[in-house]
Amino acid sequence: MNQRVADGTLIDRTREIAFEFNGTRLKGHPGDTLASALLANGKRMVGRSFKYHRPRGIVASGAEEPNALLGIGRGPRFEPNQRATNTELFDGLQAQSQNHWPSLEFDVGAINASVASVAPVFSAGFYYKTFMFPKIAWKHVYEPFIRQAAGLGKAPSEADADTYEHFHAHTDVLVIGGGIAGILAAKSAAAEGAEVLLVEQAPHWGGRALVDSEEIDGKPTADWVSAEIAALEGLPNVKLRSRCMGAGLYDHGYAMLYERVADHAPQAGVPRHRLWRVRAKQIVVASGAIERPLTFAYNDVPGVMLASAVRDYLGLYGVAPGQSMVLAANNDDAYRTALAMIAAGLSVEAVVDTRREVTGALPQAVREAGVRVLPGHGIAKVHGKTEVHAVEIGRLSGAGRLLGGTEKVYCDLVAMSGGWSPVVHLFSHCGGKLRWDDAAAMFRPAPERAAPLGHDGAVNTHCAGAANGALQAAECMADALAAGAAAAGGKSTTKPPKIDAPEEAPMEPHWFTPAAGKLNTGTKHWVDFQNDVTAADVRLAAQEGYESVEHTKRYTTLGMATDQGKLSNINGLALLAAELGKKIPEVGTTTFRPPYTPISMGAITGRNRGPLFKAIRQTRMHGWHAEHGASFEPVGDWYRPYAFLRPGETRAKAVTREILNTRENVGLLDASTLGKIAVKGPDAATFLDLIYTNMMSSLKIGRCRYGLMCTENGFLFDDGVVVRVSEDEYLLHTTSGGADRVHGHLEEWLQTEWWDLKVHTANVTDQWAQVAVAGPKARTVIEAAGVDADISAEALPFMSWIETRIAGCPVRIFRISFSGELSYEIATPANYGLALWHALLDAGADHSIMPYGTEALHVMRAEKGFIMIGDETDGTVTPQDLGLSWAVSKKKTDFIGKRAMERPDLIRADRKQLVGLLTENPREVIPDGAHAVDQITAPPMRTIGHVTSTYFSPSLGHSIAMALIERGSERMGEVLTFPLEGDKVLKARVVDPVFLDKEGARQNV
Amino acid sequence: MLVMTCPYCGAHCEETELTPGGEAHLTRFGPGSGDTEFEGYLFYRKNPKGVHFERWRHAYGCGIWFHAARCTVTLEVFGTYSAQLTEPPADLVAKIKQKRPDWEGWA
């Protein structure tokens, strides 16, 4: 049935476009929203409700829509829960309704509703009260049933095919909202010379004025809006964006905008959404107001709509949401809807107004059109299941009762208006406080109580127009001009445009319309359509002691989910206040949080997906590794070869081969990722004595020393070899992942505690490529590569270093070992890295040289009992716990962590200490993190410590592990018990953590 | 998302350029200090509702640590200054006192 009755302001009736709804092909016009096109096609029922699966129709025409949530698109472009009212129609759009099975028209879940009428299983707090017993039923009966029946939409199953982006902008004044208030605020701010950004969530400008005002300054409103927008576009200091919603306001003028760039015209090469991150000196919030529903029995039947939405569909889209209407209202503004229906040649059966006296100009005009206006009346009940077909109207008493009988009025449309609520969301996001306006029955911004502030402590956010509570057009425009000028630091002298708006009589709050009999308990008076919360649920919550509005929200689910109570909040808390015998402002509102309406996950992610998700650091040899079978693993921001896999080889096999070859012949490791920090200055030695637990001032030029760094808590933080380059210069090696952290630590102490020390630090990690040559043939290989210096055991003993050249590459050779083998770590300026790598590989070809990866490195260090930061340490482990007391100076008067090491907790005898473990079964590797227990009992068992590193050692042919065990050093030889998953128990003997070559004979050759 | 001016390089910094460093003007108690003094230094921090002196580092900029005086309620930044001072500059203290007459002083 075609419901298109007239030309709408926004649509082009000369052209038709096709779309699909639940597989049916339908037609609309360019400029339609999906909601207007559905209504034009007579589709009033668009979904089923969340809990009871009741038929639901379109209620609103904008962002506040609670019901018309549809799944839009297909496959990789599918997205659930899209509001039909904010979805622009385009050719080929595919939409599906949600929350029903097997079909929208016939739904099994609706049985919930009939069950509910017998026993209130879904009433307030049902999550907490029902489905409790028997316990086993939860898993097998209740949860699967709830999951099948409930839930909003279905998640997409494919990766998103669209692109998204972030956009950064700075402006003097950001104006949010492109209605008449936003337009005039932008105009007056621009007149003061400010850079202005004006944004509007809809595709069109003008907001409600397009429907609610016939003329502005003597021009048709649409023409006035076009002229004003054209004038703003012509100004060099104004930028405008439609389809761009103010999503959130944050500290110091930081605003998040959500621009729907291509939702209305999906195409490749254009981002779908753009997330704007704006820093504005001043913000004007001109976000308008939202009409409130009235709470009467069966107010959720499709065909019951907001009054403003009814006239939006008529005026903007030329669509009649119904042929014959009953209007229920408590204010004059709603009568505009009756006039719009009459103007479109449609029928208004009656107007019921809850006010005793109805005297305004608008009601008068409706009366003059021959419509029955009934003051002191309300809707007692709506008839109809999937569509309205009649209402019962009745006279109201002041005490919330119906006086006398009701009258049945046949109609297919009910328009309702309970007054208007300013959209105070954005103002409230970063601290703006509200006050209750008794006369207009609304919360409005109260900057005098608290307004968002800039970094300088000055107010930086102003509300304008309806968002500020100025609901009448004339006051709205004057307010907006003043707000815009104030934001730009001036005072508006512009006269507001002339608008011919009839005087409106005051509204009267009306929160609950009585019904006959049992219905008057409110079980069919819907407050929150999206979450199926009724007036009875709110009452029940109050009776059960939920006095705080925040608690009531969570208990009843009022104001949750995608619409966050845009329609329901004020009605809900008015009912709660009445039930508690309090005033509405005493109950207060729930917290408004960004975003204003849901924004896409894609927009939040922007371009940061796939390879751009995280930056990856690569060494100079990375390309070679990739070409030679490297299986990479992330280490900090680096990608390092875990092992070099030969064709057909598993990771484990490769690791074993690499270890055995290094121990028997020689291995080559890309150690470029090792952190390197240069510390230079006359006080460098003094500074490092404070930083390290051991003495660094006594280190001789040309020598290396293993050092430990602790935090002021006395816990081990990083380790590495320190090299003395000259009298006033050191090179610090740090862990691969820790270079930035250690550099930050040095700078913090240098800048904030010991700023009198003359020291500079520089993170030179990237300046050097580094290669470790380890194994019995290491020296032979380096000599074969052509080294300009004597590297014999006598000339270059263990823990010393020299500067020389290898194969023409300038190098620093450090004779240090993390594998326990004869080992040289060779650093060369980064650009020589690959050349050095090739030179060593070539030289080693005759000596069975093989590159090895990080896993071989880890296993070999564990075989030697060397700790790994992050494995053996976790921020609560001291050097003493790890048997590293030898590296903690007793001579130094001070170093970071020294005082803490005297704390009773750090010296108690039952601390966990590092031990080695040999499993009883040599082939069985203990799982990492396994806990040792005193004795096996029923869980929970008392743990005495846990495994920190665990491997199968190819060198020893035995499983080895390191562990932190309570009083570990006293337990040598003891067999510990490790309960594992599924009743399995593993036993391991406590041994010294140095498993291989305790004397160091292999490295000292 | 705060905005602060780095007193060293002059940049008007976004919060994402900065890393926070907790309370400013702590006195370090090292070896030789008593248990109570050391406990206070290591574990106890002011947590005022109002004026707070704190450390920040312009980590993704010049790398310099600085101090800021900030209201923890309104987020107003009264001023930023060098970290190499053992107490806030007198003019900043006077400015805060003028804006917050009830403030009890920084110590």
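Predicted model: local features only at pLDDT ≥ 70, side-chain atom pairs only at ≥ 80, totals over all residues.
Let me begin with chain B, where buried residues make up 26% of the 107 residues.

Read along the sequence, chain B follows the pattern β-β-β-α-β-β-β-α, which amounts to two helices and six strands. Along its principal axes, the C-alpha trace of chain B spans about 40 × 35 × 25 Å. A compact globule with 107 residues would have a radius of gyration near 13 Å, and the 15 Å found for chain B agrees with that. As for how the chain is connected, if we take the contacts in chain B between residues at least 6 apart in sequence, 47% of them join residues at least 24 apart.

Now to the place where the two chains meet. The contact takes 22 residues from chain B and 21 residues from chain A. On the side of chain B that touches chain A, strand S1 (3–5) and helix H1 (35–43) of chain B each supply at least two residues. By class, that side of chain B has 13 nonpolar, five polar and four charged residues.

Let me move to chain A, and to a helix there that I would like to look at with some care. Helix H15 of chain A, residues 569–580, has twelve residues and reaches 16 Å from its first C-alpha to its last, which is close to the 16 Å expected at 1.5 Å a residue. Is H15(A) enclosed by the rest of the structure, or left open, and why? Nine of its twelve residues are buried, so H15(A) is largely enclosed by the rest of the structure. The buried ones in H15(A) run from Asn569(A), Ile570(A) and Asn571(A) through Gly572(A), Leu573(A) and Ala574(A) to Leu575(A), Leu576(A) and Ala577(A). Among the elements that cover these buried residues of H15(A) are strand S25 (420–422) and strand S29 (526–528), together with helix H13 (535–543), helix H14 (549–556) and helix H16 (584–587), which belong to chain A. After H15(A) comes Gly581(A), whose phi is positive, near 70°.

Further along chain A there is an open sheet of five strands, in the order S35-S36-S37-S34-S38, with antiparallel pairing. At its edges stand S35 and strand S38 (760–763) of chain A, each with a single partner strand, so one side of each is left without a neighbour in the sheet. From one strand to the next, the twist averages 30°. Within the sheet, S36(A) and S37(A) pair in the antiparallel sense over four bridges, and the bridge partner of Val722(A) in S37(A) is Leu732(A).

Which helices lie against these strands? One is H20(A), which lies across S34, S35, S36 and S37 of chain A and runs at about 130° to S34(A). The other I will mention is H21(A), which packs on the sheet and touches S34, S35, S36, S37 and S38 of chain A, its direction making about 165° with that of S38(A).

To finish with H20(A), residues 684–691, this helix is mostly covered, since seven of its eight residues are buried. Those buried residues of H20(A) include Phe687(A), Leu688(A), Asp689(A) and Leu690(A), and the buried residues of the helix pack against strands S34 (675–680), S35 (704–710), S36 (716–726) and S37 (729–734), and against helix H21 (739–752), of chain A.

Definitions and conventions. Residues numbered from 1 in each chain as written. Chains lettered and ligands numbered in written order. Contact = placed C-beta atoms within 7 Å. Nonpolar A, V, L, I, M, F, W, Y, C, P; charged D, E, K, R; others polar. Expected span 1.5 Å × (residues − 1). Buried ≥ 20, exposed ≤ 12 C-beta atoms within 10 Å, placed from the backbone. Rg over C-alpha atoms; globule rule 2.2 N^0.38 Å. Pairing = 2+ DSSP bridges. Axes fitted to C-alpha atoms, helices over the stretch in contact; angles between N-to-C directions.
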